[in-house]
Amino acid sequence: MSLMSLARALPDPVKNAIKATRDNTGIALVRLFSSSGFLSSVYYCLISREFDREHRAVLLGRLNFAKRMRGQGENDAFLRRNVHRLEKGLIMRPRRSTFAEDYIGPTVRCYADATQAGVVNGQQRWANDVLTDYFSAVGSTPRIDSAKRAFTSTQTPGNTNRCVPYPHSDLPECPVSYDELMVLFRRRRSVRWYQDKPVSNALLEQAVRAAALAPSACNRQPFRFYVSNGKEKAAEVAKCAGGTAGFHDNLPCVIAVVGDLGCYPEARDRHVVYIDGSLAAMQLMLALESLGLSSCSINWPDVEERERQLSKILGLAYQERTVMLLAVGYADPTGGIPYSDKKTEKDLIVYN
């Protein structure tokens, strides 16, 4: 008789006693090893291997970032971060006469590498315009002057619609009232039952255009949306997540929000992919709702077997971490929606 068969054959009181002993032993170990940072590390080294993937993914992310820095192409995350830092320096009150000395040289080299490699995109135009304003505004030092000469040799002509900091008064008037916004928020519910109707890629692209406007730390935008459009593809991806067994075959489209740890040189930023990815995902879901498409965010816990399964399907690099899955489609009018009572502002606000 196998161990599984033997376990099933045990009387319930015996099984309950074994479970209680196992749980109590587990809590006792957690209590002991949580008493210090060193013992916590020992726990996750010798007793639990739950963080193995994150540890390796962070290291591979740092390695990937270093390889991008040594390459001659565009390091998207590095350039985005530093150009955004320059923008913050330009709008500072009062503005310092010189700033960014420690990183202006590498920033210009990164911009020049991308330019010489023939990269032409919105980021290059933004970088060119901000660097132009920076060198016009900043004072003279040997490092700044050296970077300015290097930039001048690769600078591209600007145009009338320059991508540079602007006053708040230039923003368009908000056409949406609080009450109208609350209607959108109340309409955006987690929908699990959809019509058998295809989802247009054009609508998805329109929604992603809105999601790209979500805030992102230093404007890195360290995420991508992996779209599995079509019921068979969507079901294959949705099956990788827990809690979808009852409805995954009903989904017309699934989007995986995936963060790239290769955008960071330091382990301290390892959680930013989840923050930035979630901000963009929420904005994406609201945009989808405004376009007549419903959605459902699907939790993605860190389970090694499922990580390997989804990575194989989507072709993810090890340093790419899934933030969540999103089901997308046209809601079935007869499908049920959980009430999901929400906390109030009194529950959530802590004044100090």
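Mentor: A charge sits over a ring if NZ of Lys or CZ of Arg is within 6 Å of the ring centre and within 35 degrees of the ring normal. Keep in mind that this is a predicted model.

Trainee: Which ring does Arg56 lie over?

Mentor: Tyr318. Arg56 lies over its face, 4.3 Å from the ring centre.

Trainee: And Arg85, which ring face is that one over?

Mentor: The face of Tyr103, at 3.8 Å from the ring centre.

Trainee: Switching to ring pairs. How many aromatic pairs are there?

Mentor: The count comes to 10 aromatic pairs. One of them joins Tyr44 and Phe51, with 4.7 Å between centres and 40° between planes. That pair is tilted.

Trainee: Are Phe223 and Phe225 stacked or tilted, and why?

Mentor: Tilted, because their planes stand at 55°. Under 30 degrees would count as stacked, and over 60 as edge-to-face. The ring centres of Phe223 and Phe225 are 5.7 Å apart.

Trainee: Buried or exposed, those two, Phe223 and Phe225?

Mentor: Both Phe223 and Phe225 are buried. Tyr44 is partly exposed, at 28% relative accessibility. Phe51 is partly exposed too, at 34%.

Trainee: Which residues do ring pairs link into a cluster?

Mentor: Phe99, Tyr111, Tyr134, Phe135 and Phe151.

Trainee: New topic. Where is Arg321 found?

Mentor: In strand S4, which covers residues 320–329.

Trainee: Why does Arg321 count as buried?

Mentor: Because its relative accessible area is 3%, and buried means under 20%.

Trainee: What does its side chain make a polar contact with?

Mentor: The side chain of Asp302, at 3.5 Å.

Notes:
Residues are numbered from 1 along each chain as its sequence is written. This is a predicted model: local features need pLDDT of at least 70, side-chain atom pairs count only at pLDDT 80 or more; totals for chains, interfaces and linings use all residues. Side-chain values use heavy atoms; hydrogens and water are left out. Rings of Phe, Tyr and Trp (its six-membered ring) pair if their centres lie within 6.5 Å; planes under 30 degrees apart count as stacked, over 60 as edge-to-face and the rest as tilted. Buried means under 20% relative accessible area, exposed over 50%, partly exposed in between (1.4 Å probe, protein chains only). Helices (H or I, at least four residues) and strands (E, at least two) are DSSP runs, numbered from the N terminus. A polar contact is a pair of N or O atoms within 3.5 Å; within protein, one must be able to donate a hydrogen and the other to accept it, and residues adjacent in sequence count only if both atoms are side-chain atoms.
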